[in-house]
Amino acid sequence: MIRLLPWLLTVAVTVYAVVDCIQTDDAHVRGLPKLLWLLLILLFPVVGAIAWFIAGRPQRGTAGRGPGGGPRGPSHRPPPPRGPDDDPDFLRRL
């Protein structure tokens with residue numbers, strides 16, 4: 001069982017890196033294009049996965065940033081629907 005542990009860890013880290021790379025938006029990938037990161041991870045499993053986590057993966061604070069640079073939140077979502085009595089266009093037409 002101990003002999004299998006390094007192989008299992010290598011496969012687990014490689015699979016995690018591949019899935020993380022695939023799910024990352026192209027605009028947030030750093031360093032290389034996403035396809036090259038995938039090839040690097042698959043051709044050099046341990047080194048490629050470590051390189052992805054250090055140099056290719058988006059930084060934690062920037063992946064969810066909106067256009068104004070603030071964190072993802074109410075400013076990132078469209079405004080909620082308003083009732084007719086709160087809508088100035090509706091009230092103007094009365």
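Are Trp 37 and Trp 52 buried or exposed? Both Trp 37 and Trp 52 are buried, where buried means under 20% relative accessible area, exposed over 50% and partly exposed in between (1.4 Å probe, protein chains only).

The model is predicted, so local features need pLDDT of at least 70 and side-chain atom pairs count only at pLDDT 80 or more, while totals for chains, interfaces and linings use all residues. Residues are numbered from 1 along each chain as its sequence is written, and side-chain values use heavy atoms, without hydrogens and water.

Rings of Phe, Tyr and Trp (its six-membered ring) pair if their centres lie within 6.5 Å; planes under 30 degrees apart are stacked, over 60 edge-to-face and the rest tilted. The count by this rule is two aromatic pairs.

| Pair | Centre distance | Plane angle | Class |
|---|---|---|---|
| Tyr 16 and Phe 53 | 5.8 Å | 35° | tilted |
| Trp 37 and Trp 52 | 5.7 Å | 70° | edge-to-face |

Each pair links distant parts of the chain. Tyr 16 belongs to helix 1 (residues 4-23) and Phe 53 to helix 3 (residues 45-56), 37 residues apart. Trp 37 sits in helix 2 (residues 34-43), 15 residues from Trp 52 in helix 3. Helices are DSSP runs (H or I, at least four residues), numbered from the N terminus. Tyr 16 is partly exposed at 48% relative accessible area, and Phe 53 is partly exposed at 28%.

Asp 20 also lies in helix 1 and is buried, at 13% relative accessibility. Beyond its neighbours within four places in sequence, Asp 20 is in contact (heavy atoms within 4.5 Å) with Trp 52, Phe 53 and Arg 57.

Notes. Helices (H or I, at least four residues) and strands (E, at least two) are DSSP runs, numbered from the N terminus.
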